[in-house]
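Biologist: I'd like to go through this one with you, piece by piece. Could you have it open while I ask?

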Amino acid sequence: MERDGILPKLAFAVGLAIGVTWVVLAVMALRSAARGFAYDRMDWGVGWGLVGILLLTAGTAAVVGTWWHQFRV
């Protein structure tokens, strides 16, 4: 496949956009978890904390995987 065409650039942009979106959602979930812990709502804090950690992992993997596939494979 041609590396300088529009398709690899589009795929790179979409992969980064998805990864960044997940990281932003993770930050929002982790902020909500922190507020839950601050108001003594352990269930809220743990629930949103778990969601935030999983989203952060997924977003980081999407960004790194997109970069790796674009420049290393």
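Biologist: Okay, which helix does Thr-66 lie in?

Modeller: Before anything else, please keep in mind that this is a predicted model. Thr-66 lies in helix α2, which covers residues 42-71.

Biologist: And is Thr-66 buried or exposed?

Modeller: Thr-66 counts as buried, because its relative accessibility is 17% and the cut-off for buried is under 20%.

Biologist: What does Thr-66 touch, if we don't count residues up to four places away in sequence?

Modeller: With those set aside, Thr-66 touches Ala-11, Phe-12, Gly-15 and Leu-16. One of these, Gly-15, is itself among the buried residues of α1.

Biologist: Which other residues of α2 are buried?

Modeller: Besides Thr-66, the buried residues of α2 are Gly-45, Gly-49, Gly-52, Gly-59, Ala-62 and Gln-70.

Biologist: Changing topic: how many aromatic pairs does a search of the whole structure find?

Modeller: The search finds 4 aromatic pairs. One of them joins Phe-12 and Phe-71 in an edge-to-face arrangement, with 5.6 Å centre to centre and 75° between the planes. That pair links distant parts of the chain, since Phe-12 is in helix α1 and Phe-71 is in helix α2, 59 residues apart. As for accessibility, Phe-12 counts as partly exposed at 21%, whereas Phe-71 counts as exposed at 53%.

Biologist: How are the rings of Trp-44 and Trp-48 arranged?

Modeller: Their centres are 6.2 Å apart and their planes lie at 50°, so the pair is tilted. Trp-44 and Trp-48 are 4 residues apart in helix α2, which means that about one helical turn separates them. Both count as partly exposed, Trp-44 at 40% relative accessibility and Trp-48 at 36%.

Biologist: Which residues do ring pairs link into a cluster?

Modeller: The cluster consists of Phe-12, Trp-67, Trp-68 and Phe-71, linked by ring pairs.

Biologist: What about charges, how many salt bridges does the structure hold?

Modeller: The structure holds 1 salt bridge, formed by Asp-43 and Arg-41, whose closest N and O atoms are 3.4 Å apart. Asp-43 counts as exposed at 53% relative accessibility, while Arg-41 is partly exposed with a relative accessible area of 41%.

Biologist: What phi does Asp-40 take?

Modeller: Asp-40, which comes just after α1, takes a positive phi of about 60°.

Biologist: Back to the helices: how far apart are the end C-alpha atoms of α1, and what span should we expect?

Modeller: The 33 residues of α1 should span 48 Å at 1.5 Å a residue, and the end C-alpha atoms are 48 Å apart, so the two values agree.

Biologist: Last one, which residues form the nonpolar patch on the surface?

Modeller: The patch is formed by Ile-6, Leu-7, Leu-10, Val-14, Ile-18, Val-20, Trp-22, Val-24, Leu-25 and Met-28, which together have about 950 Å² of accessible area. Among them, Trp-22 lies in helix α1 and is partly exposed, with a relative accessible area of 35%.

Notes. Residues numbered from 1 in each chain as written. Predicted model: local features only at pLDDT ≥ 70, side-chain atom pairs only at ≥ 80, totals over all residues. Heavy atoms only, no water. Patch = residues over 30% accessible without salt bridge, like charges linked within 9 Å, V, L, I, M, F, W, Y side chains within 5 Å. Areas by Shrake-Rupley, 256 points an atom, 1.4 Å probe, with all protein chains shown as cover. Salt bridge = Lys/Arg side-chain N within 4 Å of Asp/Glu carboxyl O. Helix = DSSP H or I, 4+ residues; strand = E, 2+ residues; numbered from the N terminus. Buried < 20%, exposed > 50% of the residue type's maximum accessible area, 1.4 Å probe, protein only. Contact = heavy atoms within 4.5 Å. Expected span 1.5 Å × (residues − 1). Phe/Tyr/Trp six-rings, centres within 6.5 Å; stacked < 30°, edge-to-face > 60°.
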